[in-house]
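Please open the structure in your viewer and keep the sequence beside it. The tour below moves from one selection to the next and says what is there.

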Amino acid sequence: MRALTLGLSLLLIAGAGRALAADAENGEALAKRWCTGCHVVSDQQRKGTDMAPSFAAIASQANFNEEKLAFFLLEPHPKMSNMALSRGETKDLAAYIAQQKHHH
Ligand code: HEC
């Protein structure tokens, strides 16, 4: 019975942690939905536009910062009427982009 209770509380803690932490997988889904028109968002994507940097390039900038990126994404850039991301969504996107940092 004790072990069961312990197991259950661990499960609850893990679940709560997941709700707070950024979810890069959700970020990927959001990126594929909102960002592929202009950015190359993964190395599977062949074509974006010349104007917008790829996510790998963004993540690899020397001054890259995941929190700043999430903040930047709260405002649509080039002004786009149909893109309004929630705080959670911007964090997920930032986590997804951060994963694409080049490892040297
Ligand atoms: C309509 C085209 C368009 C869409 C859609 C778009 N972007 Fe961009 N993005 C650009 C352009 C162009 C730039 C470069 C010029 C600028 O900073 O405004 C840019 C710049 C950025 C930068 C800053 C790069 C840097 O370090 O200066 C980030 C981060 C970014 N985009 C993320 C995203 C994400 C995440 C999405 C999807 C939620 C997205 N963009 C959707 C066109 C777009």
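Which backbone oxygen lies 2.6 Å from a polar atom of the side chain of Gln100? Before selecting anything, note that this is a predicted model, in which local features need pLDDT of at least 70 and side-chain atom pairs count only at pLDDT 80 or more, while totals for chains, interfaces and linings use all residues. Residues are numbered from 1 along each chain as its sequence is written, and side-chain values use heavy atoms, with hydrogens and water left out.

Select Gln100 in the segment after α5 (87–98), where helices are DSSP runs of H or I with at least four residues, numbered from the N terminus. The oxygen asked about belongs to the backbone of Val41. Gln100 is buried, at a relative accessible area of 15%; buried means under 20%, exposed over 50% and partly exposed in between, with a 1.4 Å probe and protein chains only. Leaving aside residues up to four places away in sequence, Gln100 touches Val41, Ser42, Phe55, Ala56, Ala59 and Ser60, a contact being heavy atoms within 4.5 Å.

Next, select the iron atom of the ligand, whose protein donors are His39 (NE2) and His77 (NE2), lying 1.9 Å from it. The two histidines link distant parts of the chain, 38 residues apart, with His39 in the loop between α2 (24–34) and α3 (55–59) and His77 in the loop between α4 (66–72) and α5. Donors here are N, O and S atoms within 2.8 Å of the metal (3.2 Å for Na, K and Ca), and sites may look incomplete because water is not among the atoms. His39 is buried, with a relative accessible area of 11%, whereas His77 counts as partly exposed at 26%.

Now show the largest pocket, which has a volume of about 500 Å³. Of its 24 lining residues, the closest to the centre are His39, Ile58, Phe72, Leu73 and His77. A pocket is an open set of points on a 1 Å grid where a 1.4 Å probe fits, with protein on both sides within 12 Å along at least five of seven lines, and lining residues have an atom within 4 Å of a point. Helix α4 gives the largest share of the lining, three residues.

Finally, select Arg87 in helix α5, which counts as exposed at 55% relative accessibility. Its C-alpha atom is separated by 7.6 Å from that of Ala70, although Arg87 and Ala70 are 17 residues apart along the chain.

Terms used:
Polar contact = N/O pair within 3.5 Å; in protein donor to acceptor, adjacent residues only side chain to side chain. Points joined across faces, edges and corners; volume = space filled by probe spheres on them.
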